[in-house]
Amino acid sequence: MLMTGFAGFLGILKIVLMALAAFGLFDAAFRREDAFRAADKQTKVFWLVILAIALLVSYLFSILSFLPIIGVIASIVYIVDVRPAVKQVSGGGGGGRRGSSSDGPYGPYNGGR
């Protein structure tokens, strides 16, 4: 009974990790190539290949093997580091808020006045 629960947990974890890689692959596919270069990251093709391999490896191999762990690390690096940099360069960041570069989280900075 315990092994059945553990196998179910590993199955759910495998689906989550595949979704993580699929999200990264889908997101990278719709970003502009020049935004990757402007953000000083690897090329778009590089990330598409890495994320596609991560998705394939997470599908084919058990979560307890070594290769899916590398794929998860690659997916996390893309989502945490590359995606925000590319999004900021391409003008996707900011949440629709417009302001000057001196604006803080609570409004414009007035120099202590």
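Biologist: What pattern does the protein chain follow, read along the sequence?

Modeller: The pattern is α-α-α-α-β-β. That makes 4 helices and 2 strands. Helices (H or I, at least four residues) and strands (E, at least two) are DSSP runs, numbered from the N terminus. This is a predicted model, where local features need pLDDT of at least 70, side-chain atom pairs count only at pLDDT 80 or more, and totals for chains, interfaces and linings use all residues. Residues are numbered from 1 along each chain as its sequence is written, and side-chain values use heavy atoms, with hydrogens and water left out.

Biologist: How many of the 113 residues count as buried, as a percentage?

Modeller: Buried means under 20% relative accessible area, exposed means over 50%, and partly exposed lies in between (1.4 Å probe, protein chains only). Here 23% of the 113 residues count as buried.

Biologist: Now charges. How many salt bridges does the structure hold?

Modeller: Side chains of opposite charge can pair when their charged atoms come close. A salt bridge is a side-chain nitrogen of Lys or Arg within 4 Å of a carboxyl oxygen of Asp or Glu. The structure holds 5. One of them joins Asp27 and Arg31, with the closest N and O atoms 3.0 Å apart. Both of these residues are buried.

Biologist: What does the salt bridge between Asp27 and Arg83 tie together?

Modeller: Its closest N and O atoms are 3.2 Å apart. Asp27 lies in helix α1 (residues 2-29) and Arg83 in helix α4 (residues 66-89), so the pair ties together parts that are 56 residues apart in sequence. Asp27 has a relative accessible area of 9%. Arg83 is partly exposed, at 21%.

Biologist: Where do Arg37 and Glu33 lie?

Modeller: Both are in helix α2 (residues 33-38), 4 residues apart, about one turn of the helix. Arg37 is exposed, with a relative accessible area of 54%, while Glu33 is partly exposed, with 28%. Elsewhere, shared partners join Asp27, Arg31 and Arg83 into one network.

Biologist: What is the nearest side chain of opposite charge to Lys44?

Modeller: For charge, Lys and Arg count as positive and Asp and Glu as negative; His and the chain ends are not counted. The nearest opposite charge to Lys44 is Glu33, 6.0 Å away. Lys44 is buried yet has no salt bridge. Its place is in helix α3 (residues 44-60). Contact means heavy atoms within 4.5 Å. Not counting residues up to four places away in sequence, Lys44 touches Ala28, Ala29, Arg31, Glu33 and Phe36.

Biologist: Where does α4 bend?

Modeller: The bend at a residue is the angle between axes fitted to the seven residues ending there and the seven starting there. α4 bends by about 40° at Val82. A proline, Pro84, follows within four residues. The buried residues of α4 include Tyr78, Val82 and Ala85. Just after α4, Gly91 takes a positive phi of about 85°.
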